[in-house]
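Student: I have a new structure open and would like to learn how to read it. Could you walk me through some of its features?

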Amino acid sequence: MSLSQTPEVSLSKTAEVSLSKTPERPLSVTADEEFDELCFEFGLELDEITTEREQISREQGDCKASGASEVVLYKIDVPANRYDLLCLEGIARGLQVFKDKMEAPRYRRVSPASGEPQRLLVTSETAAVRPHAVAAVLRDITFTQERYDSFIELQEKLHQNVCRKRTLVAIGTHDLDTVCGPFTYTAKLPADIHFRPLNQTQEFTAVELMSLYKTDSHLRHYLHIIEDKPAYPVIYDSNGVVLSMPPIINGDHSKISLKTKNVFVECTATDLTKAKIVLDMMVTMFSEYCAEPFTVEGAEVVSPDGSTYMYPELAYRTETLSSEFINRKVGINESTERIAGLLTKMCLRSQPTGAGDQIQVEIPPTRSDVIHACDIMEDAAMAYGFNNIPRTTPGTYTVANQYPLNKLTELLRQDLAAAGFTEALNFALCSQEDITDKLRKKLFETRAAHIANPKTAEFQVARTTLLPGLLKTIAANRKMPLPLKLFEISDVVLKDETKDVGARNSRRLCAVFYHRSPGFEVIHGLLDRAMQLLEVAPARGTGYHIQAADDSTFFPGRCAEVFVCGVSVGRLGVLHPDVIQRFELTMPCSALEMDLEPFLGCHSEVLLTHDVPLQEVLHHRFVEVPVPASTRTVFGDLGTAAGLRALNEFLAPRSYIEGFLASSADTEVLGAIPADCPPPPALCHALRWYRHTRSLGAGCGLPAARRRYVLEAE
């Protein structure tokens, strides 16, 4: 399931959150901490407790904050797929059910008192624009200012989240008493659509509206959805009054207010499933304010082929799973009844079926995030409390090794810093200009991976070289004392059709020297030092050497290519004056950039466990363990069960005999264990150490032991 960025919900301190009935008075520290703990138990995170005044003061200064509200706001991070927690009503309802203050409500679709439901007729013209529509009615609802604000905020949060900025679904809400059904959803030429949009005083055509909203800070982001279409979607009532032009704007005639009693909710969409979810979410969250709480009046939607559908569906479904599955996955041991109670606390009504340990779970229409059994298991774990899950020792033992490329990177970083260079860390994304025009390169030369929808011109492509980032860092620090010597060891991204994703990462080393003189000898010296650290001798063919090269980024005649064992790994030289000028620098600069991956060599890391395939075991060279000269050690006689148990207890908190690094002490103690008497599986720590130490070979190159562990034979 595709999830958008985790949303944030701001709650003001009102009576409906059951926190305080006096918004102006801050809660005590104890109450805030208690609410923070409650959010954590429910799977949410209380991000911040603030006020509107504090926010404005922090972002714009105290002068802008005068007169701002002092109402306390709780900013809560909500999982991106929990659409039912995007408003105050949903969070308050969920927490009350969680704390057993109320039962999870049961949502019902009811028929209108008049007997005839509202109808929405969908015409065939909408197929090329937004082909789907759903609708419902909130009958006899009562709004207050807080409820009205929450109603509008939920629409906006859904638009940004599941609606994907209105591209998938657009929500329209209308005062049903100001319009007359049945309603028609169709598509017309832009010039043929005339109406007065929300909060405007005159009528506009659709063409005029698109021009008007191009400068609107909010609506201009949605114009691209339909502006290139030959026809625009529009909804009329039976009198020809325009309700909305989705997904852009509603009509002013049917706008809702605090006095509105009956709300007609319509959703137009390119994705029918998402439209149903959004409609269910809108009506379930606010149906508690209707005269008959948690009931929603159905509306009939007639499709172009004449088939009719009733919405909202408010569909409940049941899933059956075993308590053994939940206990095993979570790592607990609870009864079937207890687990059913935990799920009920999460608004998933559950009860044992009576057939073994099976539990029947009812998924309400508000929980569209529950798709698989693992989602139900996650809710059970949340209700149980992650902090209450007992800690257990993993059943599988592994010995970790640092990733070779990262290990080489860390070693080089320390030594390059010791050589007088300062490390910089730059963004992995950059502008297209940074790797082309500024470096005097053509776009086709770069092999760059482009971002499909960049949010800013600064992050259009994945960098193909580390040089632009270092030059921009120097430009931002020109006031620092000269010389400026910077380096960076990070990944670049290059297109590679042989990879399944079409690109690959490449670890690079880049260094620059910025001073009144070019300092080519400094960069050359750094190259020699790096090669010394990498144990590559200066020799043509078998070691490394440099030779003159042409590169448009470097000054003509001042560029050299670096070869290692006959393979080019990088370049160094004096940068071209045009490059220096384009990065807003004023002094000469020398640079080195080379690929580090060719220096890794061949690494063979075979993990020896009971799961190793037979062919790998046969090809691996184990240490030939002769009959030990002595089985007596500081742990006891390792030829006996008691000695092996003592060794197992000693190794429980350790990877090796002398801590977390292997030494000759390991091979020495290994030699005291008879070949026909390895540690049994019950002694898991000793067996794990035994297998791994045998895979180390004869122990050549291991550090010496700090003491003796094997005693002389009696």
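This is a predicted model: local features need pLDDT of at least 70, side-chain atom pairs count only at pLDDT 80 or more; totals for chains, interfaces and linings use all residues.

Student: At what angle do helix α4 and helix α7 pack?

Tutor: Find α4 at residues 88-98 and α7 at residues 272-286; they pack at an angle of about 65 degrees, and their axes are 9 Å apart. Angles of 65 to 115 degrees count as roughly perpendicular, so α4 and α7 are roughly perpendicular to each other. Their crossing is left-handed.

Student: Which residues of α4 and α7 meet there?

Tutor: From α4 come E89, G90 and R93, and they meet T284, M285 and F286 of α7. Sorted by class, this contact has 2 nonpolar, 2 polar and 2 charged residues.

Student: Now the sheet, please. In what order do its 3 strands lie?

Tutor: Here is the general idea: strands of a sheet pair through backbone hydrogen bonds, either parallel or antiparallel. In this open sheet the order is β17-β19-β18, and the pairing is antiparallel. β17 (317-322) and β18 (350-352) are the edge strands, each pairing on one side only. On average, neighbouring strands are turned by 25 degrees against each other, direction ignored.

Student: How many bridges join β17 to β19?

Tutor: There are 6 bridges between β17 and β19 (residues 358-363). Look for S322, which stands opposite Q358 in β19.

Student: Where does helix α8 lie?

Tutor: Helix α8 (residues 323-330) lies across β17 and β19, running at about 70 degrees to β17. Helix α9 (residues 336-345) also packs on the sheet, where it touches β18 and β19, and its direction makes about 170 degrees with that of β18.

Key: Residues are numbered from 1 along each chain as its sequence is written. Side-chain values use heavy atoms; hydrogens and water are left out. Axes are lines fitted to C-alpha atoms, for helices over the stretch in contact, and angles run from 0 to 180 degrees between N-to-C directions. Helices (H or I, at least four residues) and strands (E, at least two) are DSSP runs, numbered from the N terminus. Angles under 35 degrees count as roughly parallel, over 145 as roughly antiparallel, 65 to 115 as roughly perpendicular and the rest as oblique. A crossing is left-handed if the near helix is turned anticlockwise from the far one by less than a right angle, and right-handed if clockwise. Contact means heavy atoms within 4.5 Å. Ala, Val, Leu, Ile, Met, Phe, Trp, Tyr, Cys and Pro count as nonpolar, Asp, Glu, Lys and Arg as charged, and the others, Gly among them, as polar. Two strands pair if DSSP finds at least two bridges between them.
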